[in-house]
Amino acid sequence: MNTLALTAANLEVGDAGITAVLGYIVVFFGLVLLMAVVIIMGKAMEGTNKKVEAPAPAVPAAPVAPAAPPAPGSAGEVKLFDVPDKEAAMIMAIVADKMGKPLNELRFKSIKEVK
């Protein structure tokens, strides 16, 4: 019998166990290498995501002309503090619905997330 042509049918329990353990070792070693590559690529990309801050202008800008009056039915501008536009719109719609008033009759001065 040729020793190179072993099949699963004639492997002994010890040989099958060693083969399984070696297979697990190879797979986990590959996973560790893949994890290392992902971490290294993450560190490399971290430097490219940093934004360069623009220097502050030395001379103040010219005064801006007053804005045109708001359109009929609108209630002016809303100052948003750490709230995305989409969430602010949802909040305003929910408040108008709970109060039972049209949105154009309400005036929101600012919306701030409470942390």
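## Burial and overall layout

Buried means under 20% relative accessible area, exposed means over 50%, and partly exposed lies in between, using a 1.4 Å probe and protein chains only. Of the 115 residues of this chain, 6% count as buried. The model is predicted: local features need pLDDT of at least 70, side-chain atom pairs count only at pLDDT 80 or more, and totals for chains, interfaces and linings use all residues. Residues are numbered from 1 along each chain as its sequence is written, and side-chain values use heavy atoms, with hydrogens and water left out.

The chain has two helices and two strands. Their pattern along the sequence is α-β-α-β. Helices (H or I, at least four residues) and strands (E, at least two) are DSSP runs, numbered from the N terminus.

Contact means heavy atoms within 4.5 Å. Take the contacts between residues at least 6 apart in sequence: 61% of them join residues at least 24 apart.

## The nonpolar core

A nonpolar core is a set of buried Ala, Val, Leu, Ile, Met, Phe, Trp, Tyr and Cys residues joined through side-chain atoms within 4.5 Å. The largest one here has seven residues: Val 83, Ala 88, Met 92, Ala 96, Leu 106, Phe 108 and Ile 111. Helix α2 (residues 85-99) gives the most to this core, with three residues.

Ala 88 sits in helix α2. Its relative accessible area is 2%, so Ala 88 is buried. Leaving out residues up to four places away in sequence, Ala 88 touches Leu 80, Val 83 and Ile 111. Ile 111, with neighbours within four places set aside, has contacts that include Val 78, Phe 81, Ala 88 and Met 92.

## A loop residue with positive phi

Asp 82 lies in the loop between β1 (79-81) and α2. Its phi is near 55°, a positive value in a residue other than glycine. Most residues other than glycine have a negative phi. The relative accessibility of Asp 82 is 59%, so this residue counts as exposed.

## The surface

The chain exposes about 10,600 Å², and carbon and sulfur atoms supply 68% of it. Accessible areas come from the Shrake-Rupley method with a 1.4 Å probe; for residues, only the protein chains shown count as cover.

Tyr 24, Val 27, Phe 28, Leu 31, Leu 34 and Val 38 make a nonpolar surface patch of about 640 Å². Val 27 belongs to helix α1 (residues 13-48). Patch residues have over 30% relative accessible area and no salt bridge; like charges are joined within 9 Å, and nonpolar side chains (Val, Leu, Ile, Met, Phe, Trp, Tyr) within 5 Å. A salt bridge is a side-chain nitrogen of Lys or Arg within 4 Å of a carboxyl oxygen of Asp or Glu.
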